[in-house]
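The sequence and structure are shown first, and the description follows.

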Amino acid sequence: MLSVHTARHRPRNHSDGSPSRIGLAVAGGGPIGGMYELGALRALDEALDGLDLTRLDSYVGVSSGAFLAAGLANRMDTAQMCRIFITGDSDDVQFRPETFLRPAIFEYLRRAAGLPRLAAQWGQDMLFSGKEARWSDLLMRFGGLVPTGLFDNARVEEFLRDVFTRRGRSNDFRDLDATLYVISVDLDSGEVVRFGGDGWRDVPISTAVQASAALPGLYPPVEVRGRHFVDGALRRTMNASVLLERGIDLLIGINPLVPFNKGDAGVAVSRERSLAAGGLPAVLSQTFRTLLQSRMQVGLARYAQQYPDIDQLIFEPNAQDSELFFTNAFSFSARRRICEIAYRNTLADLHRRADTLGPQLAAHGIRLRTDLIADSERSILDGLDVPTRHTETTARLERALDDVGRLVAARRRR
């Protein structure tokens, strides 16, 4: 599903060859959401001639989308990331799902260590306080023993730090060629924090992504400067306003979480076919997605009014795609299939809206590859050539030569 807002008036004239300022906003959605976003990004990378996703003006990422945004800002293209997460034939990064799903043993032990003290206090209150100490207080008293997260996200930070400190990449916001924002929420105040923004640029990118992806219940909060941070999606879904405020010319946004729609509007649904039959996980998932989608729609309507002169393209899954909804949101085993669905959905959206998108994208020096988006048989693997094997030295050299080539091209344009 593609939402399009065409700029009422484009204030900048690019007839002199100066590039448009393009911003990319990538929302969260757990591992499955991240894989959907990767498939969508790969489709855009192939279908939009003249768009280089690693050379945009600015990026903002939330939760799982923060890793993709940080990777692109570090000039890891979608082909590289597909080799890391889908085909597994990358000579750069070895992805192991278990790294992201290691039990938080130390968190369990730390919480359990408080059991004797709490039990003694509660027993004392029951013995001497009479009716003032109710059995209903049990849940509140012992709630502090429940771990704040099932899995250890310290290993996630280690993985990201390793990725962003090799082959010419950087783990420092200040060293990037583009502006990158990673969004998280302060658990104790509810404040939204933009890592990479004023006052937060010195925080390592790996730590910022770890904090942004700390979904309560799944991962424990991440401590930065004595404050505890959790998933950035708790306050806003995509945080595209961060980029719109910069006065960009074109916004591209991807949101992987939409509520499931069985397509039987107005028709009674049997109990066996209802989402309620799926139990608590299905009900919570639908509720969570509905809240995010409602908030997203309100935000998009506001963006169109506040920033009428900025072209905006927002890509989302089809609401009737049951496979996306019923796949375990925290499973990595389905990542290739989910990427393929996203890839096909995005190409189909571009094909359906080609008449509108053609002139809109042309204003930013981007051309739709009509032959590619019309190919209903194309797979995400078709565009992945045999990877070139690099050493650390040759990877850095290739990066430096690319920088020189772009400087020369820019000087020629001027």
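## The loop between α2 and α3

Arginine 75 lies in the loop between α2 and α3, where helices (H or I, at least four residues) and strands (E, at least two) are DSSP runs numbered from the N terminus. The model is a predicted one, in which local features need pLDDT of at least 70, side-chain atom pairs count only at pLDDT 80 or more, and totals for chains, interfaces and linings use all residues. Residues are numbered from 1 along each chain as its sequence is written, and side-chain values use heavy atoms, with hydrogens and water left out.

The phi of arginine 75 is positive, near 65°, although the residue is not a glycine. With a relative accessible area of 14%, arginine 75 is buried; buried means under 20% relative accessible area, exposed over 50%, and partly exposed in between (1.4 Å probe, protein chains only).

Methionine 76 is also found in the loop between α2 and α3, and it counts as buried because its relative accessibility is 0%. Leaving aside neighbours within four places in sequence, methionine 76 is in contact (heavy atoms within 4.5 Å) with Thr54, Gly71, Met81, Ile84, Val163, Phe164 and Arg169. The C-alpha atoms of methionine 76 and phenylalanine 164 are 9.8 Å apart, while 88 residues separate the two along the chain.

## Helix α3

Helix α3 spans residues 78-87 and is largely enclosed by the rest of the structure, because 8 of its 10 residues are buried. These buried residues are Thr78, Ala79, Met81, Cys82, Arg83, Ile84, Phe85 and Ile86. Their cover includes α1 (30-47), α2 (64-73) and α12 (335-352).

At the N-terminal end, aspartate 77 caps α3, with a side-chain oxygen 3.2 Å from the backbone nitrogen of alanine 79. After α3 comes glycine 88, which has a positive phi near 75°.

Serine 58 belongs to strand β4, residues 58-62. It counts as buried because its relative accessibility is 0%. The side chains of serine 58 and aspartate 57 are joined by a polar contact of 3.0 Å. Such a contact is a pair of N or O atoms within 3.5 Å; within protein, one must be able to donate a hydrogen and the other to accept it, and residues adjacent in sequence count only if both atoms are side-chain atoms. Beyond its neighbours within four places in sequence, serine 58 has contacts that include Ile22, Thr179 and Arg246.

A nonpolar core is a set of buried Ala, Val, Leu, Ile, Met, Phe, Trp, Tyr and Cys residues joined through side-chain atoms within 4.5 Å. The largest such core has 81 residues, of which Tyr59, Leu180, Phe195 and Leu350 touch the most other members. Helix α1 supplies the largest share of this core, 9 residues. A second, separate core of 19 residues includes Ala27, Val60, Ile248 and Ile314.

Arginine 225 has a positive phi of about 55° although it is not a glycine. This arginine 225 sits in the loop between β7 (222-224) and β8 (227-231) and is partly exposed, with a relative accessible area of 47%.

## The chain as a whole

The chain contains 15 helices and 11 strands. Of its 414 residues, 49% count as buried. Among contacts with a separation of 6 or more, 79% are between residues 24 or more positions apart.
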